[in-house]
Amino acid sequence: MDRLEEIREKISQCDDRIIEELIIRMNCMKDLIEYKKQTGMQFIQPEQDKEQENVLKNKVKDQEFEDEILHIFKYIMKNSRKVQTKSLLDYNIFLIGFMGAGKSTVADGLEEMLEMERIEMDTLIAEKQGMSIPQIFEEYGEAFFRDLESNLLIELQKKSQAIVSCGGGIVMRPENAEHMKKHGRVVLLSASPKTIFERVKDSKERPILNDNMNVAFIEELMEKRREKYLATADIIVETDGKNVVEICEEIISRLVVLDRN
Ligand code: S3P
């Protein structure tokens, strides 16, 4: 064997060992999830993640390839989370709720924690139409927008493990509600009319509230939609007074409990 072949052979053997060890590591992740499921332990533990990161940093400190190794570990962690999610929540998660309930923010949080694909329905609709949501409402009216929304939901049927942040009015059509229930779990985020007002008062992106940006109107519209939201939801999560991490953790643990029963 010449020198080049020898080096290549050595690299290939390293790859074999890395693959073997990665398989062992991923299986450990599955065991960990099973253990957490059985003991009812919290699934996402940010302090533990931080601790693990520090231990790792110390292990490679002052090594020639410190930065490169840490970079690789970032991907290992990312993919570990994917393995966790697969055995934990192997379905689509539809986030519903009134405008300003926090669907997009919570979708961001869940995307990071679960390493799931994230879909923002309004953004996709606007991109497809080449127009903003207010422009669509102004030029074609609400019924046309609702058609786009329903059609997109049908298109999303092919997704199997995505976080879908829906527009606030998605529940207004019964077929949408049916569709979401059939293709995943539906999480309703709720907040008080006052909180909603505080969150949306400066927004120019909500045509429904254009000339009615006040707590009374929000309360009235919420009341009109309440039953539909409740009937569609698998779980309801109150967002008032909680931060994003708390809300995401609550969603994950309550979905797991729901799946168990
Ligand atoms: C709507 C909510 C909006 C958007 C559209 C209509 C509604 O989404 O879909 O303006 O009827 O509640 P957000 O809930 O993300 O603001």
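Which residues in H4 meet which residues in H11? In the predicted model described here, the H4 side of this contact is formed by Thr-105, Val-106, Gly-109, Leu-110, Met-113 and Leu-114. Their counterparts in H11 are Val-244, Val-245, Ile-247, Cys-248, Glu-249, Ile-251 and Ile-252. Two packed helices are described by the angle between their axes and the distance between the axes. For H4 (residues 103–114) and H11, the angle is about 65° and the axes are 9 Å apart. H4 is therefore roughly perpendicular to H11, and the crossing of the two helices is right-handed.

The protein as a whole contains eleven helices and five strands. Its C-alpha atoms fill a box of roughly 75 × 40 × 35 Å along the principal axes. Of the 261 residues in the protein, 39% are buried. Among contacts with a separation of 6 or more, 74% are accounted for by residues 24 or more positions apart.

The strands form an open sheet of five, in the order E2-E3-E1-E4-E5, with parallel pairing. Strand E2 (117–120) and strand E5 (235–238) lie at the edges, each pairing on one side only. Neighbouring strands of the sheet are turned against each other by 20° on average, direction ignored.

Strand E1 (92–96) pairs with two strands of the sheet, E4 and E3. Five of the five residues of E1 are buried, so the strand is largely enclosed by the rest of the structure. Both of its faces are covered: Asn-92, Phe-94 and Ile-96 are buried on one side, and Ile-93 and Leu-95 are buried on the other. The parallel pairing of E1 with E4 extends over five bridges, whereas that of E1 with strand E3 (residues 162–165) comprises three bridges. Ile-93 takes part on both sides, standing opposite Arg-185 in E4 and having Ile-163 as its bridge partner in E3. Strand E4 (residues 184–190) also pairs with E5 in the parallel sense, over four bridges. In that pairing, Leu-188 has Ile-236 of E5 as its bridge partner.

Two helices lie across E1, E4 and E5. Helix H10 runs at about 140° to E4 across these three strands. In helix H9 (residues 193–200), the buried residues are Pro-193, Thr-195, Ile-196, Phe-197 and Val-200.

The structure holds zero disulfides. Cys-248, which belongs to the H11 side of the contact with H4, illustrates the geometry of the cysteines. The closest cysteine sulfur to that of Cys-248 is in Cys-166, at 16 Å, and a bond is ruled out because this distance is too far. Cys-248 is buried, with a relative accessible area of 0%. Cys-14, by comparison, counts as partly exposed because its relative accessibility is 32%.

Most residues other than glycine have a negative phi. Asp-62 has a positive phi of about 65° although it is not a glycine, and Glu-115 likewise has a positive phi, near 55°. Asp-62 lies in the loop between helix H2 (46–60) and helix H3 (66–88), while Glu-115 is found in the loop between H4 and E2. With regard to accessibility, Asp-62 counts as exposed because its relative accessibility is 68%. Glu-115, at 18% relative accessibility, counts as buried, the threshold for this class being under 20%.

Note on methods: Residues are numbered from 1 along each chain as its sequence is written. This is a predicted model: local features need pLDDT of at least 70, side-chain atom pairs count only at pLDDT 80 or more; totals for chains, interfaces and linings use all residues. Side-chain values use heavy atoms; hydrogens and water are left out. Buried means under 20% relative accessible area, exposed over 50%, partly exposed in between (1.4 Å probe, protein chains only). Two strands pair if DSSP finds at least two bridges between them. Axes are lines fitted to C-alpha atoms, for helices over the stretch in contact, and angles run from 0 to 180 degrees between N-to-C directions. Contact means heavy atoms within 4.5 Å. A disulfide is a pair of cysteine sulfur atoms within 2.5 Å. Angles under 35 degrees count as roughly parallel, over 145 as roughly antiparallel, 65 to 115 as roughly perpendicular and the rest as oblique. A crossing is left-handed if the near helix is turned anticlockwise from the far one by less than a right angle, and right-handed if clockwise.
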